[in-house]
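Let's take a walk through this protein together, from its overall make-up to a few individual residues. Please keep the structure open beside you as you read.

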Amino acid sequence: MKIAIALLACIGLVTAANFHQTHQVKVADKGFLEIEKFLLEIVYRVEDPLMFEEYIQCGKSFKFEQSKYSYNDEYMTKFFEAFKMNALLPKGEFFGQLVKSHAKQARGLFNMFYYAKDFETFKQNVCWARMHVNEGMFVYALTLAVIHRSDFQGLMLPSIYEIFPQFFFNSKFVFEAEKFDFEMWTKMNMYEKEYLDVYHKGHAHGNQYQYGDYMYMKDWKMWQWWKLMGLGEHWYSENKFILRENMYEFNQDTKWQQIMKDLKVWWMPVDYTRDLDIYNAESKLSYFTEDLGWNSYWYYLNMDYSFFLDGKTFGLKNDRRGELWIYTVHQLLSRYYMERLSHGYGKIPEFSWYHQIEMGYDPQMIYYNGIGYSYRKNYYELESYGNYEMLDKITGFMKRIHNIIDLGYYKTADGHMIDLRKPEAVEYIGNLLQGNVDSMDKMFYQFWYMFAHMYTADVDYHQMEVYPNCMLNFETQMRDPMFYMFYKSIVEVYFKFLDHLPMYTKEQLMMPGVQLKHVNVSDLVTYFDLVDFDVTNLMNDKMIFHEGKFVWDKSLYARQMRLNHKPFSYTYTVDSDKPEKVVVRAFIGPKFDEFGRVISLTENRMNFMEVDEFVYELKAGNNVFTRKSNDFYWTVKDRTTYSELYYYVMMAFDGKHEFPLDISEPHCGFPDRLVLPMGWKKGMPMQMFFMIMPYTAPATHEQFSTFDYTYSCGIGSGSRFIDDLPFGYPFDREIDEYQFFVPNMYFKDVAIYHEDTMEPYYKYKGYTNYGQFDYTFFKDYYTKQSKF
């Protein structure tokens with residue numbers, strides 16, 4: 001922590017006094033809270049005019065003087081020139097992170113935020129941009145700056161799905177939320193009862209339940225829980241606490257109860273975006289592909305390792321940015337493939353620019369300017385756009401990179417030779433595939449990735465006004481089935497590179513003196529639970545100020561069904577002939593394909609997803625230790641909501657309690673609840689793989705060993721990873737099954753069971769609170785942690 005404090009202090013924005021220890025939990029002082037308050041307020045209802053008088057006065061002008069910045073470049077100059085010529089992307093227009101003309105302006109704005117020498121300059125620029133710059137571009141540049149400025153450690157913005165709920169919920173819900181009027185709702189609630197499409201006259205009789213005379217539910221689907229409970233599809237007042245996976249950590253806290261007591265809360269049931277009729281077979285997976293945590297994980301990965309941030313300036317090379325990006329894409333595809341197997345679907349379909357895309361997609365989303373997102377019909381032909389020049393550039397890149405991998409080397413324009421038969425060359429391949437600024441020979445490779453997404457959305461090179469399309473923004477891409485097909489073609493290049501590397505020998509895989517004798521895996525059970533997402537930014541309500549302070553007295557929440565799993569654990573039994581520090585890795589993968597055939601390990605190695613890795617001190621002799629799913633290295637629980645964060649900050653600002661920096665989960669973690677695929681009621685056969693290897697610290701680990709993962713992602717620190725082994729080890733090379741199996745490995749056949757949490761309702765087993773939300777829905781999950 002000393003190094004982190006020194007970094008903060010030397011930059012001048014936050015002093016070392018801003019942090020102090022209370023029971024090993026770091027808390028913030030008033031200077032830190034002022035900045036956090038500013039960040040939370042500046043993105044409040046970002047599509048609406050800025051209403052905070054203090055910030056309006058602060059943002060009357062923009063500081064363009066070079067002396068105000070630690071660095072100046074052409075993007076900052078061009079941004080200033082575009083502003084003077086009234087050529088910036090107008091407010092209210094669609095902003096695409098992967099639209100070239102938009103990205104150039106966003107890069108200039110980000111530099112203005114990032115290189116500001118002091119907080120006064122930063123704040124003034126942010127306030128000005130909030131009033132004058134396109135809303136999407138503003139949030140994008142601000143998010144990047146908050147993540148990457150070293151003096152902003154511990155500071156956070158609300159989750160992207162709370163700043164822009166429109167990108168994550170269907171248009172029906174968005175329109176309903178924007179029409180919500182508290183006073184009108186109160187009057188209607190007094191005089192009018194919601195009309196339901198369910199007529200029910202069942203009643204309890206002793207220990208038996210008598211069925212009603214008539215029951216009708218039109219098009220009821222598993223995720224439409226509100227129909228089974230007899231609720232309408234509009235806003236309801238909520239007297240209980242917010243539903244969230246880790247809510248029990250807050251609702252029993254007297255501070256939390258004090259904070260939330262004056263907040264009026266409403267919620268509305270939310271469906272996943274779909275047609276009334278199933279659009280195609282992929283629609284069955286929409287609970288997964290449209291999950292907020294799933295999509296925001298991809299968004300934040302591409303914020304942490306943005307394609308236009310160079311590895312040297314921002315320290316991204318310390319994190320092996322190229323290898324990490326392509327490996328994460330591979331892991332996401334592996335996870336998606338396992339979810340497909342849960343529904344009897346096979347491999348991810350192949351992608352071609354010259355053949356039809358079988359699965360269309362209708363997102364049913366609406367941009368905040370009122371324009372709906374474009375849809376793609378089934379059996380769509382990409383090449384029908386006719387922009388053959390751009391298509392030639394994209395396909396030419398793919399041919400070029402396949403050729404250089406086959407050759408095994410690459411000669412750059414300046415004559416430098418790069419050996420592509422070395423394991424460390426994966427960094428070059430990853431950079432090329434992401435199309436980032438660290439790519440070798442930028443003139444050949446840098447823009448291919450952006451052009452590929454622009455082509456799928458029918459956007460030309462220099463086009464400024466663009467029709468909303470899911471493929472143009474990272475937070476919306478993974479909703480579309482075509483995303484997985486296209487990125488599979490990218491990952492196949494990565495696989496091709498890995499296949500040219502020599503196989504691991506038995507000596508390389510073995511850890512002498514260590515035997516992993518057994519791993520006991522507890523029951524793996526998935527289910528669908530309910531969660532509330534804060535969508536207060538959609539409210540079209542008057543902002544209230546009292547004595548100059550903003551009063552946050554109302555919140556809207558979207559209540560949605562989502563995939564989760566019950567806590568599980570592994571118990572390892574290991575023999576070691578001496579004390580030794582080791583790294584333990586755990587993977588999960590399929591056992592059979594969609595036809596019930598066993599997949600060979602040689603073919604299946606790329607389908608495994610790494611779920612955990614951790615360091616452990618073995619003692620001499622027998623070792624028995626347990627690892628719980630709650631402790632997994634890469635996963636996080638649900639983040640604290642926007643409303644709660646603001647209340648916590650204001651209470652701490654008024655001196656009523658302290659603000660711990662770890663109050664919310666880091667933005668970069670993979671959602672813990674999505675570790676396991678849905679599985680089957682009878683048990684879906686899967687397999688797990690465990691391996692123990694000696695611990696070797698990364699080269700940069702000691703320099704940045706104070707990185708605190710409880711509240712920071714440590715981007716650019718070089719200490720995010722436990723050791724220096726390649727990502728995906730030992731599945732990163734082709735497997736010779738005669739050489740592969742060693743005593744420090746262990747394969748385990750497992751089954752994933754899925755419990756239907758709505759079964760008690762659609763079978764009518766004694767449910768008597770018809771027409772009200774039933775908080776006993778979570779009885780089995782919450783009884784150990786909280787009382788209702």
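This is a predicted model: local features need pLDDT of at least 70, side-chain atom pairs count only at pLDDT 80 or more; totals for chains, interfaces and linings use all residues.

The chain holds 28 helices and 23 strands. Of its 788 residues, 60% are buried. The accessible surface amounts to about 32600 Å², and carbon and sulfur atoms account for 51% of that area.

Now look inside. In soluble globular proteins, nonpolar side chains tend to be buried together. Here the largest nonpolar core has 229 residues, and the members that touch the most others are Leu142 and Trp298. Helix H22, spanning residues 481-499, gives this core its largest share, with twelve residues. Another core lies apart from it, made up of 34 residues that include Val521, Tyr572, Leu676 and Val750.

Once neighbours within four places in sequence are set aside, Trp298 contacts Trp325, Val329, Leu332, Tyr449, Phe474, Gln477, Met478, Phe483 and Tyr487.

Next, find the open sheet of eight strands, whose order is E5-E6-E15-E12-E23-E22-E17-E18 and whose pairing is mixed. Which strands stand at its edges? They are E5 (236-237) and E18 (609-618); each has a single partner strand, so one side of each has no neighbour in the sheet. Strands of a sheet pair through backbone hydrogen bonds, either parallel or antiparallel. E5 pairs with strand E6, residues 264-269, in the antiparallel sense over two bridges. Within E6, Trp267 is the residue that stands opposite Tyr236.

Another strand to visit is E16, which covers residues 569-576 and contains Ser569. Is Ser569 buried or exposed? Its relative accessible area is 19%, and because the cut-off for buried is under 20%, Ser569 counts as buried. Leaving out residues up to four places away in sequence, Ser569 touches Asn520, Val521, Ser522, Thr626, Arg627 and Lys628.

Finally, come back out to the surface. Leu407, Tyr409 and Met417 form a nonpolar patch there, with about 310 Å² of accessible area together. Tyr409 belongs to strand E9, residues 409-411. Tyr409 has 39% relative accessibility, so this residue counts as partly exposed.

Technical notes:
Residues are numbered from 1 along each chain as its sequence is written. Side-chain values use heavy atoms; hydrogens and water are left out. A nonpolar core is a set of buried Ala, Val, Leu, Ile, Met, Phe, Trp, Tyr and Cys residues joined through side-chain atoms within 4.5 Å. Buried means under 20% relative accessible area, exposed over 50%, partly exposed in between (1.4 Å probe, protein chains only). Helices (H or I, at least four residues) and strands (E, at least two) are DSSP runs, numbered from the N terminus. Contact means heavy atoms within 4.5 Å. Patches are made of residues with over 30% relative accessible area and no salt bridge: like charges are joined within 9 Å, nonpolar side chains (Val, Leu, Ile, Met, Phe, Trp, Tyr) within 5 Å. Accessible areas come from the Shrake-Rupley method with a 1.4 Å probe; for residues, only the protein chains shown count as cover. A salt bridge is a side-chain nitrogen of Lys or Arg within 4 Å of a carboxyl oxygen of Asp or Glu. Two strands pair if DSSP finds at least two bridges between them.
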